[in-house]
Amino acid sequence: MKKIYLDYVSSRPIDPRVLEFAKRFLEHDYGNPSSLHSVGLDAKHVLEDAREKVAELINGESEKTIIFTGSATEANNLAIKGAALRNIGKGKEVVASVIEHISVLNPMKELQKNGFTLNLIPVDSTGMVDLENLEEVLTKNTTVTSIMYANNEIGTIEPIKEISKIVHDKGLYLHVDATAAAGYLPVDVQAQGIDLLTLSSNDLYGPQGAGALYVKPGVKLQPVLLGGGQERGLRSGTENIFAIAGMGEAARIAKEEMAQESERLKGMRDKLIQEILMIEGAYLTGHPTHRLPHHISCRFSLIEGESILLNMDLYNIQVSTGSACSSKTLEPSHVLLAIGLKHEEAHGSMVLTLGRSNKVEEIPTIVKAVGETVERLRKLSPLLNKGVV
Ligand code: PMP
């Protein structure tokens, strides 16, 4: 059976062009960009080239706005803790939407344990942030507000420009986690009014092991990692040149190919949604139209998501059931609960995320496998006799 990989939100292959570009840093070029000799200067040059390419993808004011980190999680931690702790003199309040990734929510919860007030903004049943509530909770004591560009579990795209206006009208900072959106949707930090923005290398088809935080000129952060003072003192530690060079090249390719690729995936997404919703007891989760072009998230009554994932794998089709990052716990996803699903409904979720390897010809095989899986699992479902829908 040919593999059909539909879990691009969890991990994706490195683009062969990216590997070709960066592999010399795995094979033989091992310079440290802080060294002043020629081998070090070569690495420094590549680091700065990558910074420029990432800045160009998001229309940053200059390459100096990009701070490389080891992951999107680390960039989120730096944005949240860095802004909150550096600006503690202004106040001790932080704000996020209730559907943020755990790498935003957990640092905020830690701040809360240390005396900060955490305000979580609710979302509606499609995952759209409640803008009125946002406006109400922001005060002059709010040091950072974090709203994601698009949600990785339900695909919903948030109105960042409107959100930024609300936050900026109160003179506050906005952090945007664009991990799931970058490479699929255009990002323009200046036009969208973003002060801090998180990116992940692998989500752009770059290597694992790099992330980036855009920091608008003038925004002050306290570093989380202390040491040799790399990355303008905001992220100490010798840079992972292979991953960073790869991230830069991946950003350059994404900028060039995004519009066409997103259009192609959108066509496949809509066809798959249409076919899957024809299955009895299938419901779309997330927004019907304001959603990522490659993202299909749905739920099936009377079924548990873990068994869908395992059954689909028997067809050599890889899907996910929600947050890959927290799938070790059997707790229902906080995102699905936030959009109003009951526990048993949230357990029946399936997420398909498309990418460069997927072809329109795969649709009938995918739809058949989903249909057969749902039918088989429903017959076995312990929920069947409990009248749950
Ligand atoms: N933010 C979002 C929206 C994500 O989907 C993820 C996971 N890919 C992260 C942050 C964290 O990324 P990582 O685990 O690569 O640090």
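A nonpolar core is a set of buried Ala, Val, Leu, Ile, Met, Phe, Trp, Tyr and Cys residues joined through side-chain atoms within 4.5 Å. In this predicted model, the largest such core has 65 residues. Ile58, Phe68, Tyr149, Leu197 and Leu199 are those with the most contacts inside this core. Helix 9 (residues 241–276) supplies the largest share of the core, namely 10 residues. Both domain 1 and domain 2 take part, each giving at least three residues to the core. Apart from this core lies another, of 32 residues, which includes Leu6, Met268, Ile273 and Phe300.

The surroundings of Ile58 were examined with its neighbours within four places in sequence left aside. On this basis, Ile58 is in contact with Ile66, Val187, Asp188, Val189, Leu197, Leu199 and Tyr214. Two of these partners, Leu197 and Leu199, are named with Ile58 among the residues with the most contacts inside the largest core.

The domain assignment divides the chain into domain 1, made up of residues 4–11 and 259–386, and domain 2, residues 16–253. A distance of 28 Å separates the C-alpha centres of domain 1 and domain 2. Across the boundary between them, 30 residues of domain 1 are in contact with 32 residues of domain 2.

The model holds three cavities of 30 Å³ or more, and the largest cavity has a volume of about 90 Å³. Its lining is formed by Gly183, Tyr184, Asp203, Leu204, Tyr205, Ala254, Glu257, Met258, Glu261 and Arg356. By class, five of the lining residues are nonpolar, one is polar and four are charged.

Backbone geometry was considered next. Most residues other than glycine have a negative phi. Asn59, which is not a glycine, has a positive phi of about 55°. Asn59 is placed in the loop between helix 3 (38–58) and strand 2 (66–69). Because its relative accessibility is 34%, Asn59 counts as partly exposed. Leu302, likewise a residue other than glycine, has a positive phi near 65°. The loop between strand 10 (295–300) and helix 10 (305–314) contains Leu302. With a relative accessible area of 14%, under the 20% limit for burial, Leu302 is therefore buried.

Note on methods: Residues numbered from 1 in each chain as written. Predicted model: local features only at pLDDT ≥ 70, side-chain atom pairs only at ≥ 80, totals over all residues. Heavy atoms only, no water. 1 Å grid on protein atoms, 1.4 Å probe; cavity = no way out; pocket = protein on both sides within 12 Å on 5 of 7 lines; lining within 4 Å. Points joined across faces, edges and corners; volume = space filled by probe spheres on them. Nonpolar A, V, L, I, M, F, W, Y, C, P; charged D, E, K, R; others polar. Buried < 20%, exposed > 50% of the residue type's maximum accessible area, 1.4 Å probe, protein only. Helix = DSSP H or I, 4+ residues; strand = E, 2+ residues; numbered from the N terminus. Domains from an automatic or database assignment. Contact = heavy atoms within 4.5 Å.
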